[in-house]
Amino acid sequence: DQDEEVLPLGAVLSQLPVDLPMGKLLVLSAVLGLEDELMTIAAALTVQSPFLRVDPGSPAATLRQTFSSEEGDAFTLLNVFDEWIRVK
């Protein structure tokens, strides 16, 4: 805050063994009731992308578009994970 004191969210974040943006994502996921989805996204963002570079217009590029999300890459990764769970 203005007095340079740690706010309640900062106190919680300081206890988590992750970087601040990831910690905030995890804390807010619990507040919003979106734990499963946002923990999946958090986990997916901590590893190498599962996607390979492919030529635009190739069958692989077309298939990848079926998972694409207008909300961004994080939600595209969530769609891929959800499909993997579905076919597993």
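Trainee: Which residues gather in a patch of negative charge on the surface?

Mentor: Glu 35, Asp 36, Glu 37 and Asp 82 gather there. This is a predicted model, so local features need pLDDT of at least 70, side-chain atom pairs count only at pLDDT 80 or more, and totals for chains, interfaces and linings use all residues. Residues are numbered from 1 along each chain as its sequence is written, and side-chain values use heavy atoms, with hydrogens and water left out.

Trainee: What counts as a patch?

Mentor: Patches are made of residues with over 30% relative accessible area and no salt bridge; like charges are joined within 9 Å, and nonpolar side chains (Val, Leu, Ile, Met, Phe, Trp, Tyr) within 5 Å. Accessible areas come from the Shrake-Rupley method with a 1.4 Å probe, and for residues only the protein chains shown count as cover. Asp and Glu count as negative, Lys and Arg as positive, and His and the chain ends are not counted. A charge is placed at NZ of Lys, CZ of Arg, CG of Asp or CD of Glu.

Trainee: Which helix gives the largest share of the negative patch?

Mentor: Helix H3 (residues 35–45), with 3 residues. Helices are DSSP runs (H or I, at least four residues), numbered from the N terminus.

Trainee: Is Glu 35 buried, exposed or partly exposed?

Mentor: Glu 35 counts as partly exposed because its relative accessibility is 32%. Buried means under 20% relative accessible area, exposed over 50%, and partly exposed in between (1.4 Å probe, protein chains only). Glu 37, also found in helix H3, is partly exposed at 37%.

Trainee: Which residues of H3 are buried?

Mentor: Leu 38, Thr 40, Ile 41, Ala 42 and Ala 44. Their cover includes helix H2 (20–32) and helix H5 (73–87).

Trainee: Where is Ser 29, and what does it touch?

Mentor: Ser 29 lies in helix H2 and is buried, at 2% relative accessibility. Not counting residues up to four places away in sequence, Ser 29 touches Leu 34, Glu 35 and Leu 38; contact means heavy atoms within 4.5 Å.

Trainee: Which residues make the nonpolar surface patch?

Mentor: Leu 28, Val 31, Leu 32 and Leu 34 make a nonpolar surface patch of about 370 Å². Leu 28 lies in helix H2 and is partly exposed, at 35%.

Trainee: Changing topic. How many salt bridges does a search of the whole structure find?

Mentor: The search finds 1. A salt bridge is a side-chain nitrogen of Lys or Arg within 4 Å of a carboxyl oxygen of Asp or Glu. Here the side chains of Glu 83 and Arg 86 meet at 2.7 Å, N to O.

Trainee: Why are Glu 83 and Arg 86 about one helical turn apart?

Mentor: Because they are 3 residues apart in helix H5. Glu 83 is partly exposed at 23%, while Arg 86 is exposed at 60%.

Trainee: What about phi of Glu 4?

Mentor: Phi of Glu 4 is near 60 degrees, a positive value in a residue other than glycine. Most residues other than glycine have a negative phi. Glu 4 lies in the segment before helix H1 (8–13) and is exposed, at 74%.

Trainee: Last one: where is Ser 69?

Mentor: Ser 69 is in the loop between helix H4 (59–65) and H5, and is buried at 14%. Leaving aside neighbours within four places in sequence, Ser 69 is in contact with Phe 75, Thr 76 and Asn 79.

Note on methods. Helices (H or I, at least four residues) and strands (E, at least two) are DSSP runs, numbered from the N terminus.
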